[in-house]
Amino acid sequence: MAISTNFWIWIAALLTLAIYSFLYKDNPFYKFAEYLLVGISIGYGISIYWHNTIITKVYNPLVYDKNFLVLIPLLLGLLMFSRFFKNVSYLSRIPIAFVVGAGTGLSVPSSFEFLFKQIYATMPLKLDIGSLIIVVGVISTLVYFFFSLEHKGFVGKVSKVGITFIMVAFGAAFGYTIMARVSLFIGRIQFLLSDWLGIIK
Amino acid sequence: MNFFLKLSKIDRRFIYLFIALVVVLPLILKPKFPVVVSKPVQDVYDYIEKLPEGSNVLISIDYDAASMPEQQPFLEALLRQLFKNKLKPILIVQWQLGAPLGTMGLEKIAKEMGAEYGKDYINLGYRPGYVAQMVGIGKEIRDFFKVDYKNIPLDSFPMMKNVHNYNDIALLVGLEAGATYLAWIEYAGGRFKQKIALALNAVSAPDAYYFYQSGQIVGLVGGMKGAAEYEVLVDKPDLAVAGMASQSYSHLVIILFIILGNIAYFIEKGMKNKEGGK
């Protein structure tokens, strides 16, 4: 057992404990760690953007390759900041329109392929219990969300089957969410016991 | 009866303490816990095992520090398998805060496996505009990644000389903490028929199983449990396997609390109904 002598491991460990102290009750240590996380994340994000976007996508092509076409997306990007000035804020609609238009154009053909594969996968290509469950699940869930008919009689019974499938899906999602949260806690405890306190290897 | 009523009013901090104990103790005592490999994880492993030597595998880091315990063990296990099979990882990043995590994992395993930068693997770093990038890689990867993460031109690396688009990439592995994987399936998979394997945070995993069922992805690794299965497959149990006992015991405790909480709820409801009846 050897406690870490690394200054940064200590900082990480103390910040971890500060965040978990919220479980007891809200306190200044938690607040400090929370604000620090937000600030550092934004600062770090900006530095990554600077090196990987401004330098590689704007500065290098302009200065070294003399590619002046880069000025067009640069100008469009800068127009987004016009929102901060009331009298010219309408100019920000130009890059937004460009993004919406290009995004829709890119998305429409791919979406068809994306959705058709999903529809195809719900078709019973072989007669087995799995295919039956999929078909019943899809149809009854769709009926549950069909509000043009009152949910009584046959439609009501089918929609009840649909809500059962929905509940099973919620249960699976909830179970996985618990697993995810516990995993994060395990990760932090592994760090504290191993990297910081040296209790486990 | 009184026991259940008292339990329904228990201070939530006792539950936290209980969970902390069942997580910490197994990590210290290290009980043996079997890890059973599921089919979606086995399929990812098998697909990679069948790739010919020298194939390029594009790894997309689409997570950040908040998902590190779930994604980092899988990244390391995957890289061990790739280097062992003489496959060539090409690392890109869609979440800018994931850039150091991807680099850290890649450098660690490359050193361990004796891989050489630019010849056996490459790190292209982060670029903005992920949808444009996913579509653009279908044409020419250099349109988005002219240089690597250290600003060195791509063509100066031997392994990148013949890599231009998805045709030169045998498999795309997305390590996903959010919904970026939907765009990978839609654009790289749907439009360019790129084979895709996914490793998702446990929170997102249930939403991706239908892509596995429809054949839009070759396999799926879900959360720390999936990472533990992969560590078993590559025969190098590490942090994810070590966490499985804590994971299982904490789940048992949570199930127990859910059952007790429900019993307490129904008893309390029954008592209120009786009082109302009087």
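Colleague: Let's start with the UniProt record for chain A: which residues does the "transmembrane region" annotation cover?
Modeller: Bear in mind that we're looking at a predicted model, and that the UniProt entry behind this annotation is unreviewed. The record lists these spans for chain A: residues 6–23, 35–55, 67–85, 90–109, 129–149 and 161–186.

Colleague: Take residues 6–23 of chain A; how far apart are the end C-alpha atoms?
Modeller: That stretch is 78% helix and 0% strand in the model. Residues 129–149 of chain A come out at 76% helix and 0% strand, with end C-alpha atoms 29 Å apart. For residues 6–23, the separation of the end C-alpha atoms is 27 Å.

Colleague: And chain B, where does UniProt place the "transmembrane region" feature there?
Modeller: The entry is again an unreviewed one. In the model, the span 12–29 of chain B is 100% helix, its end C-alpha atoms being 26 Å apart, and the span 249–267 is also 100% helix, with its ends 27 Å apart. Those are the spans UniProt gives for chain B: residues 12–29 and 249–267.

Colleague: How much can I trust chain A, and in which element is confidence lowest?
Modeller: Chain A has a mean pLDDT of 92, and 100% of its residues reach 70 or more. Within the chain, H1(A) has the highest confidence, at 96. At the other end, with a mean of 89, sits H4(A).

Colleague: What about the complex, what ipTM does the predictor give?
Modeller: Chain B on its own averages a pLDDT of 93, and 99% of its residues score at least 70. For the complex, the pTM is 0.89 and the ipTM is 0.89.

Colleague: On the side of chain A that touches chain B, which element gives the largest share?
Modeller: The contact uses 37 residues from chain A and 45 from chain B. On the chain A side, helix H2 (28–63), helix H4 (93–121) and helix H6 (153–196) each give two or more residues. By class, that side has 2 charged, 13 polar and 22 nonpolar residues. The largest share, 16 residues, belongs to H6(A).

Colleague: Inside chain A, at roughly what angle do H1(A) and H2(A) cross?
Modeller: Their axes come within 7 Å, and the crossing is left-handed. Leu15(A), Ala18(A) and Ile19(A) of H1(A) meet Phe29(A), Tyr30(A), Phe32(A) and Ala33(A) of H2(A), a contact with 7 nonpolar, no polar and no charged residues. The axes of H1(A) and H2(A) cross at roughly 120°.

Colleague: Now H1(A) against H6(A): how many nonpolar, polar and charged residues does that contact have?
Modeller: The axes of H1(A) and H6(A) come within 11 Å and cross at roughly 145°, and H1(A) passes H6(A) in a left-handed crossing. H1(A) brings Ile9(A), Ala13(A) and Thr16(A), while H6(A) brings Arg188(A), Phe191(A), Leu192(A), Asp195(A) and Trp196(A). Sorted by class, the contact of H1(A) with H6(A) has 5 nonpolar, 1 polar and 2 charged.

Colleague: Over to the sheet in chain B; which are the edge strands?
Modeller: The sheet is open, has 6 strands in the order S3-S2-S1-S4-S5-S6, and pairs them in parallel. From one strand to the next, the twist averages 15°. Two strands pair on one side only, and these edges are S3 (122–126) and S6 (219–222) of chain B.

Colleague: Last one: which strands of chain B does helix H7 (residues 180–192) lie across?
Modeller: For context, helix H9 (residues 223–233) of chain B lies across S5 and S6, at about 115° to S6(B). H7(B) runs at about 165° to S4(B). The strands that H7(B) lies across are S1 (56–62), S4 (171–176) and S5 (196–200) of chain B.

Technical notes: Residues numbered from 1 in each chain as written. Chains lettered and ligands numbered in written order. Predicted model: local features only at pLDDT ≥ 70, side-chain atom pairs only at ≥ 80, totals over all residues. Contact = placed C-beta atoms within 7 Å. Helix = DSSP H or I, 4+ residues; strand = E, 2+ residues; numbered from the N terminus. Nonpolar A, V, L, I, M, F, W, Y, C, P; charged D, E, K, R; others polar. UniProt positions renumbered as here; feature names shortened; annotations may be inferred. Axes fitted to C-alpha atoms, helices over the stretch in contact; angles between N-to-C directions. Left-handed = near helix turned anticlockwise from the far one by under 90°. Pairing = 2+ DSSP bridges. pLDDT = per-residue confidence, 0-100.
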